[in-house]
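Here's a quick briefing to read alongside the model. Have a look at the fold first, then come back for the notes.

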Amino acid sequence: MGTGSDPKRGDSVTMQAPLPVELQGQIGQRLREAYIELINEPVPDRFVTLLQKLKQREEESKEESRDEK
């Protein structure tokens, strides 16, 4: 593998100067805002339905294993 600077190859590491503290703070704040927005979104109905079905199957499986003993 060569030491070429082709970024598509991925076999060379380029050193970059660290971001300024102000910019890091802005990025962090935006990420926190996006995360808060995401966790406050309701769970889609299809996920709730799937989780309910999974719980039901787990309960049925536990009952079957108790019956086998």
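Predicted model: local features only at pLDDT ≥ 70, side-chain atom pairs only at ≥ 80, totals over all residues.

Residues are numbered from 1 along each chain as its sequence is written, and side-chain values use heavy atoms, with hydrogens and water left out.

**Helices**
- The chain has 2 helices and 0 strands, taken as DSSP runs (H or I, at least four residues; E, at least two) numbered from the N terminus.
- Helix 2 runs 35 Å from first C-alpha to last over its 24 residues, close to the expected 34 Å (1.5 Å times one less than the number of residues).
- Helix 2 is hardly covered, with 0 buried residues among its 24.

**Surface**
- The chain's accessible surface (Shrake-Rupley, 1.4 Å probe; for residues, only the protein chains shown count as cover) is about 7300 Å², and 54% of that belongs to carbon and sulfur atoms.

**Leu23 and Glu58**
- Leu23 sits in helix 1 (residues 21–39) and is partly exposed, because its relative accessible area is 33%.
- Glu58 belongs to helix 2 (residues 45–68) and also counts as partly exposed, at 45% relative accessibility.

Technical notes: Buried < 20%, exposed > 50% of the residue type's maximum accessible area, 1.4 Å probe, protein only.
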